[in-house]
Amino acid sequence: MTTMTGPPRADGFRIGKLLTDTRYRSYTFQAIAVVLLIVFFGWLVSNAIRNPVLQQSGIDFGFLSEPAGYEISQQPIPYTPQSSHLRAAVIGAINTLIVALLACVTATVLGVIAGILRLSNNWVIRKLMSVYVEIFRNIPVLIWILIFMTLSVNVFPPPSAFRGDDPDATPVLGLMAVTNRGIYFPRPYFTNGIGQVPDAPAADGDDTAPGAQEVASSANWLIVLAVLAGSFFAVRAVNNWATVRQNATGVRPTTWWMTLALWVVPLALTLFLLGLRWDVPELRGFNFQGGILARNSLIALWFALSVYTGAFIAENVRAGILAISSGQTEAAAALGLRPRRIMGLVVLPQALRIIIPPLISQYLNITKNTSLAIVVGYMDLTATLGGITLNQTGRALECILLLMAFYLTFSLVISAVMNAYNASVALKER
């Protein structure tokens, strides 16, 4: 009897293994997909090049430097109709980011609260949250935008209601006026720091009048942001120090007063040195003047996106909490922790690794759903670059390409930031 020794002889490579052998099959399908994708995009480019209209006009982005010639109601930065189409597009992009950021924050707060309350032992609260989730997530967001816009126009009082000795409406705390045209907030500005100061003195020598000695420069806000960033890293260093001490001694030192001081003292000192003042809105004539106006279109879009997306986030939060073993809750309760502390210290930190991945998708949905702002007249990126600019210049291909590039950039940045945060809260295995 002959005994075989050594490893078996491997068969040679054959073309048929590209489909039959699991070692090569996945690469085969990926290569086919890449080739088909290249062919598809090649066909699109070839079709565009052969288009007679495109051959006549070509691809030219020079229209971005031409005067826009139209008004924009919500202006986060200075703008006039004589400004370029590029500046109008930038303002639209900023408006998109403003409403997306506000909606992401508000939707997260609503979603977390609703998701936790859906698991409450109180039957009434649990059912109310269920009604909220089922109603808001099963009606299109466009309907909610129109509903909130209608409510803001018809429920809030007009500016004329604030006029007279005995007005029908008064500003909140004398600082904020809620009207059917929008909400007027006090506007912060600086009288010191970097920038130019107007030559004209204030009326009656009042150096605190709005705009009298206002420093016209955004560099001062960059200084404030830099101070806040410094406070953030300082607080982080204090927390790391406290963790090291706790690991060494078993007792965590008290750090709340240091954290509070690191946030408040540098910011207050910076604002004092820069000469912080407030421009409070006042009723002059038929409307309020001064301050910051958040138009009702912004308010309606913000609230609609928040409550709509918050219903989806609530289900993500509920699923993440239910995915945590009940033994974690029971062990924490056995140690004497109260239910709120158990949720905040034990359950939610572990549920984050389940909640965050679908939460990223909801943030991306909010950013893309801001394109519906045009139905209520909010001048976002779609309304400026993809709307008025496209119609005025006739440069449809260029405008659509820029619009796609803007939204793609926004989405990739959001994904990168949230993925980095997801990696920081993921379970670390040894």
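Phe 232 counts as partly exposed, at 41% relative accessibility; partly exposed is the range between buried (under 20% relative accessible area) and exposed (over 50%), with a 1.4 Å probe and protein chains only. The model is predicted, so local features need pLDDT of at least 70 and side-chain atom pairs count only at pLDDT 80 or more, while totals for chains, interfaces and linings use all residues. Residues are numbered from 1 along each chain as its sequence is written, and side-chain values use heavy atoms, with hydrogens and water left out.

Phe 232 lies in helix H7; helices (H or I, at least four residues) and strands (E, at least two) are DSSP runs numbered from the N terminus. Together with Phe 233, Trp 256, Trp 257, Leu 260, Trp 263, Val 264 and Val 265, Phe 232 forms a nonpolar patch on the surface, with about 880 Å² of accessible area in total. Two or more residues of this patch come from each of helix H7 (219-249) and helix H8 (256-273), and H8 gives the largest share, six residues. A patch is made of residues with over 30% relative accessible area and no salt bridge; nonpolar side chains (Val, Leu, Ile, Met, Phe, Trp, Tyr) are joined within 5 Å, like charges within 9 Å. A salt bridge is a side-chain nitrogen of Lys or Arg within 4 Å of a carboxyl oxygen of Asp or Glu. Accessible areas come from the Shrake-Rupley method with a 1.4 Å probe, and for residues only the protein chains shown count as cover.

The protein as a whole has 13 helices and seven strands. Of its 430 residues, 33% count as buried. The accessible surface comes to about 26300 Å², and 65% of this belongs to carbon and sulfur atoms. Among contacts (heavy atoms within 4.5 Å) between residues at least 6 apart in sequence, 63% join residues at least 24 apart.

Helix H9 (residues 296-322) is mostly covered, with 21 of its 27 residues buried. From first C-alpha to last, H9 reaches 39 Å, close to the 39 Å expected at 1.5 Å a residue; the expected span is 1.5 Å times one less than the number of residues. H9 has a kink of about 30 degrees centred on Gly 310, where the bend is the angle between axes fitted to the seven residues ending at a residue and the seven starting there.

Ala 351 lies in helix H11 (residues 339-369). Ala 351 is buried, with a relative accessible area of 0%. Beyond its neighbours within four places in sequence, Ala 351 is in contact with Gly 320, Ile 321 and Ile 324. Its C-alpha atom is separated by 7.3 Å from that of Ala 323, 28 residues apart along the chain.
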